Amino acid sequence: MSSITTSEANRLLAAAQNGQDDCLGQLLQMYLNYLKLLARTQLDRKLQARTSASDVVQDTLLEAHRDFAQFRGNCPEQFLAWLKTILVNNLGHIIQRHVLAEKRDVRREVSIDDIGATLERSTARLVAIIADRGQSPSADAQKHEASLLLADALAELPDDYREVILLRHIEGLAFPDVAARMERTAGAVRMLWMRAIAQLRVRLESRGVL
């Protein structure tokens, strides 16, 4: 979507809770890019070869649609928290199935709480990218809207631009480590990062975030 507002999310949520299934579909679509971005941060390179963030999020949205009657919140922030709970559980199942199945060590069991905490840190990093001097918007609604807008803007970037921003800002890698992951020189990665941030800023300005 080119524009996401908290008021629109509130309208769709209220309509969905009144039984309008098409509004529920629109509401879930609103969170697609954001959830994909969070899922991407939890899937290492080995896991990405076996499953994709898109697949995990698709399963999450299907479950959310199926179980929407179980949602007890009344605002978009609570709805997003509910979606993230479903996503975290799906990620936990994937990690257990693909990574830990052969280890049989109870000390290495996946902690849903740990995955949830990592997702929260990823969310904070997302907001920090666009906030002035690293200060996040104070209101929950502002954080909610800004994070969704950022995820949509990132989804529109060329793949290498999006990747360098994710590695640098979401995964928190130093430039030499980003260069190794992207199989480029550190100098080339810095130039790529500068161009990527410039494009991201333009897209966020067009959405009224900056």
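Is Phe175 buried or exposed? Select Phe175 and take a look: Phe175 is buried, at a relative accessible area of 8%, where buried means under 20%, exposed over 50% and partly exposed in between, with a 1.4 Å probe and protein chains only.

Before moving on, know that this is a predicted model, where local features need pLDDT of at least 70, side-chain atom pairs count only at pLDDT 80 or more, and totals for chains, interfaces and linings use all residues. Residues are numbered from 1 along each chain as its sequence is written, and side-chain values use heavy atoms, leaving out hydrogens and water.

Now for the ring pairs. The structure holds 8 aromatic pairs: rings of Phe, Tyr and Trp (its six-membered ring) pair if their centres lie within 6.5 Å, and planes under 30 degrees apart count as stacked, over 60 as edge-to-face and the rest as tilted.

Select Phe68 and Phe79. Their ring centres are 6.1 Å apart and their planes stand at 75 degrees, so this pair is edge-to-face. Both Phe68 and Phe79 are buried.

Trp193 counts as partly exposed, at 24% relative accessibility.

Last stop: select Tyr31, Phe68, Phe71, Phe79 and Trp82, which form one aromatic cluster.
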